[in-house]
Amino acid sequence: MGKIRVLHMTPPEINNGVYQYLFNHMKYIDQDSCQFSFLTRNRTELMKTKAYEEYHFPIWSFENTQRDSSDGLRREIVRILGEGFDAIHLHTSLWRGFLIEEIAMEMGIPQVIVHSHSTGADFAAVEEREKVLALHEAYKKQFTVEKATDFCACSRLAGKWLFGEQIPKERIRILPNAIETSKYRYDPKVRERMRDRLGLRDRLVIGNVGRYSWQKNQEFLIRAFARARQKNGGLFLLLIGQGEQKERLTGLIKELELEKHAMCLDWQEHVEEFLQAMDVFCLPSRFEGLSICAVEAQAAGLPCFVSDRLAEETKITGLVEFLPLREEVWAQKLAGADICGDRKWMDDEIAAQGYEIRDAAKRLLEIYRGK
C-alpha cells in the first residue's frame, strides 16, 4: 500500500484543542506511510508552530466561505482536493455549512470524516451566540449520512451536539482525546523543583490550564477562589493559557486584591511540569467536548473539580468530581482541599480506558485505511 494522504480541515485559531489532538497523534503516525496536510484560513500562524518546524507538513489555504461565496469556495476546494487525497478529515465544533463535505463526496474521496470536538458556541456576547447557535441548529437538521463516510466525536455528548438525531448513534465513532500518559506521570522531584521556582513551596495550589475565554469560564474560578481564601489563607491560584480574556482576568485579580495569591501565566511549553506543582485541578467550563487538559491532569494524579456540564467521559478515573456552576459550592470545595504531595501513578488506568496516544494513533490510522 502506498502513502496515505490525509487533508485535515482545521480551525483558524491555532491555540485550539484540535491542533493539540492532531499534533499529539502525528508523533505516533509514521509520516512516510501516512502524510498529514492541513487546510486552514490561518497558514501564517500554523507555520510558526513547533509541529511545523518538525514535520514541514503541506498547508493549503482557502479564502472563500459558503455564506459569502459558495461558488468561490467550490472552485478552491475542487482545486485542492484534485491534488489527490485519500481522506479529508474535517474538525469542527459548529455547523456553518457542509459544502466541503458535499464536494468531497461528489469527487469520490475515499474517506470523508466529520469529527466533532465540542458542545457549544464560544461567544461571550449573547446576541452573537444566539445567532451562531440558530445557524448551527438549522444546518444540523439538514446534515445526513450521505454527506460523509465517517462520523466521529471526542465524546458521546459532542456527537449528539453536532449530529443530533440525523446520524444513528451506532454510526458515530468515539475517538478519545488521548495523551502520552507517561509524560504526565507524577514525579515528586519535578514537583519540588517547580514549586520552588514559582515560590509556592508552602501553598496549596489550585490550577487551571486552558484558553482564556468565555467557554473556559476562568472568571468564575477566580471569584470562587477569592471566597475560598477567606476560609483558607494558604490557597494560591495558578492559571495557564492565552486568549482574548486575559486582560479581563488579570484586571479581576487586581480588583479582588489577589495579586499575591494568584498568577495568570501565558501558555507554557511544558505544561506537564506545571501540573506537577499543583494540588488541585479545576475546570469550570461552560461546555467542553472532552478536555485534553482534564485527561492530562488525571494522568498527573491530581484531584479534579470540573463543571457538571462536561461529558461524563471526563471522569476517566476516580479523581474527578463534577460540581454545579455555583460559586459557593466551588468555594467550599477549594477551602477544604488538601496539599496533594502523595500522588499515585495513573498510567495503566488511563490507558485501559483508551486514552493512551499510541493506541489511539493506531485506531485513527485504521479509519484512514477505511476499516
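User: Where is Asn217 found?
Analyst: Asn217 is in the loop between β8 and α9. Helices (DSSP H or I, at least four residues) and strands (E, at least two) are runs numbered from the N terminus.

User: Before we go on, what kind of model is this?
Analyst: This is a predicted model, where local features need pLDDT of at least 70 and side-chain atom pairs count only at pLDDT 80 or more, while totals for chains, interfaces and linings use all residues. Residues are numbered from 1 along each chain as its sequence is written, and side-chain values use heavy atoms, with hydrogens and water left out.

User: Back to Asn217. Is its phi positive or negative?
Analyst: Positive, about 65°, although Asn217 is not a glycine. Most residues other than glycine have a negative phi.

User: Asn217, buried or exposed?
Analyst: Buried, with a relative accessible area of 6%. Buried means under 20% relative accessible area, exposed over 50%, and partly exposed is in between (1.4 Å probe, protein chains only).

User: And Glu257: what is its phi?
Analyst: Near 60°, again a positive value in a residue other than glycine. Glu257 sits in the loop between α10 (246–255) and β10 (262–265). Glu257 is exposed, with a relative accessible area of 65%.

User: Core next. How many residues does the largest nonpolar core have?
Analyst: It has 98 residues, and Phe281 and Tyr368 have the most contacts inside it. A nonpolar core is a set of buried Ala, Val, Leu, Ile, Met, Phe, Trp, Tyr and Cys residues joined through side-chain atoms within 4.5 Å.

User: Which helix gives the most to this core?
Analyst: Helix α12 (residues 292–299), with six residues. A second, separate core of 29 residues includes Leu221, Ile253, Ala335 and Ala337.

User: How many residues of α12 are buried?
Analyst: Eight of its eight, so to speak mostly covered.

User: What is Tyr368 in contact with?
Analyst: Skipping neighbours within four places in sequence, its contacts include Ile4, Val6, Cys34, Phe36, His89, Ala87 and Gln111. Contact means heavy atoms within 4.5 Å.

User: What is the bridge partner of Ala87 in β5?
Analyst: Gln111. Strand β4 (residues 87–92) and β5 pair in the parallel sense over six bridges. Strands pair if DSSP finds at least two bridges between them.

User: Which residues point one way from β5, and which the other?
Analyst: Gln111, Ile113 and His115 point one way, Val112, Val114 and Ser116 the other, and all are buried.

User: Aromatics. How many pairs?
Analyst: The count is 17 aromatic pairs. Rings of Phe, Tyr and Trp (its six-membered ring) pair if their centres lie within 6.5 Å; planes under 30 degrees apart count as stacked, over 60 as edge-to-face and the rest as tilted.

User: What about Trp214 and Phe287?
Analyst: They form a tilted pair, 6.5 Å centre to centre with 50° between the planes. Trp214 lies in the loop between β8 (204–209) and α9 (218–229) and Phe287 in the loop between β11 (280–283) and α12, so the pair ties together parts 73 residues apart in sequence. Trp214 is buried, at 16% relative accessible area. Phe287 is buried too, at 7%.

User: Which residues do ring pairs link into a cluster?
Analyst: Trp95, Phe98, Tyr139, Phe143, Phe151 and Phe163.

User: Which ring does the charged end of Arg5 sit over?
Analyst: The ring of Phe85, 4.6 Å from its centre. Lys140 lies over the face of Trp161, at 5.7 Å from the ring centre. The rule here is NZ of Lys or CZ of Arg within 6 Å of the ring centre and within 35 degrees of the ring normal.

User: Last one. What does Glu313 touch?
Analyst: Ser155, Arg156, Leu290 and Tyr355, not counting residues up to four places away in sequence. Its side chain reaches the backbone nitrogen of Arg156 at 2.8 Å. A polar contact is a pair of N or O atoms within 3.5 Å; within protein, one must be able to donate a hydrogen and the other to accept it, and residues adjacent in sequence count only if both atoms are side-chain atoms. Glu313 is buried, with a relative accessible area of 14%.
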